[in-house]
Amino acid sequence: MERRTRFDRVLLIEDLDLLERKDPGVLYIDGRGKEPLFVAFICPCGCELPCTLPTRQTGAAHPVWQVVYKDGKITIDPSIRRQGACNAHFWIKENKVEWC
């Protein structure tokens, strides 16, 4: 599978079971509350591994990403660096993947 250069759409989810069937072209955002807890997607590098980013501090010591959802597009800050399996490093800006 080739590297993705963009995500096709954003899906607000309230049913977490949908995360079991992730589509590689979709950015999933937690739509259960006013502020999302996470954004989830399949890594755009082609490794097909799932990636879930917390968007609020929940007590655990881990990074937190800021998500801007506007006009059906997501921008995530800071960049995403997948350490371990694939070592991908990228930004997501208005659904577009910008490789580092």
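This is a predicted model: local features need pLDDT of at least 70, side-chain atom pairs count only at pLDDT 80 or more; totals for chains, interfaces and linings use all residues.

Notes on the model

1. Arg 4 lies over the face of Phe 7, 6.0 Å from the ring centre.

2. Residues are numbered from 1 along each chain as its sequence is written, and side-chain values use heavy atoms, with hydrogens and water left out.

3. The chain has eight strands and zero helices, giving the pattern β-β-β-β-β-β-β-β along the sequence. Both element types are DSSP runs numbered from the N terminus: helices are H or I with at least four residues, strands are E with at least two.

4. The radius of gyration, taken over C-alpha atoms, is compared with a globule rule of 2.2 Å times the number of residues to the power 0.38. For 100 residues a compact globule would come out near 13 Å, and the chain agrees because its own value is 13 Å. Along the principal axes, the C-alpha atoms fill a box of roughly 35 × 30 × 25 Å.

5. Of the 100 residues, 37% count as buried. Buried means under 20% relative accessible area, exposed over 50%, and partly exposed in between (1.4 Å probe, protein chains only). The chain exposes about 6,200 Å², of which carbon and sulfur atoms supply 46%; accessible areas come from the Shrake-Rupley method with a 1.4 Å probe, and for residues only the protein chains shown count as cover.

6. Contact means heavy atoms within 4.5 Å. Among contacts between residues at least 6 apart in sequence, 30% join residues at least 24 apart.

7. How many aromatic pairs does a search of the whole structure find? The search finds three. Phe 7 and Phe 41 have ring centres 5.5 Å apart and planes at 70°, so this pair is edge-to-face. Rings of Phe, Tyr and Trp (its six-membered ring) pair if their centres lie within 6.5 Å; planes under 30 degrees apart count as stacked, over 60 as edge-to-face and the rest as tilted. Phe 7 is in the segment before strand S1 (9-13) and Phe 41 is in strand S3 (residues 38-42), so the pair ties together parts 34 residues apart in sequence. Both Phe 7 and Phe 41 are buried.

8. Phe 41 also forms an edge-to-face pair with Phe 90, at 6.2 Å centre to centre and 75° between the planes. Because Phe 41 lies in strand S3 and Phe 90 in strand S7, this pair ties together parts 49 residues apart in sequence. Phe 41 has 0% relative accessibility, and Phe 90 is buried with a relative accessible area of 0%. Ring pairs link Phe 7, Phe 41, Phe 90 and Trp 99 into a cluster.

9. Ser 79 is in strand S6 (residues 73-81) and is buried, at 18% relative accessible area. Its side chain makes a polar contact with the side chain of His 89 at 2.9 Å. A polar contact is a pair of N or O atoms within 3.5 Å; within protein, one must be able to donate a hydrogen and the other to accept it, and residues adjacent in sequence count only if both atoms are side-chain atoms. Leaving aside neighbours within four places in sequence, Ser 79 is in contact with Trp 65, His 89, Phe 90 and Trp 91.

10. Asp 30, in strand S2 (residues 26-30), is buried at 3% relative accessibility. The side chain of Asp 30 reaches the backbone nitrogen of Leu 37 at 3.1 Å. Not counting residues up to four places away in sequence, Asp 30 touches Ile 13, Pro 36, Leu 37 and Phe 38.

11. Most residues other than glycine have a negative phi, and most peptide bonds are trans. A cis peptide bond joins Asp 77 and Pro 78, with omega about 5°; Pro 78 is in strand S6. Asp 71 has a positive phi, near 55°, and is in the loop between strand S5 (66-70) and S6. Asp 71 is exposed, with a relative accessible area of 72%. Glu 94 has a positive phi of about 50° and lies in the loop between strand S7 (89-93) and strand S8 (96-99). Glu 94 counts as partly exposed, at 48% relative accessibility.

Definitions and conventions:
A charge sits over a ring if NZ of Lys or CZ of Arg is within 6 Å of the ring centre and within 35 degrees of the ring normal.
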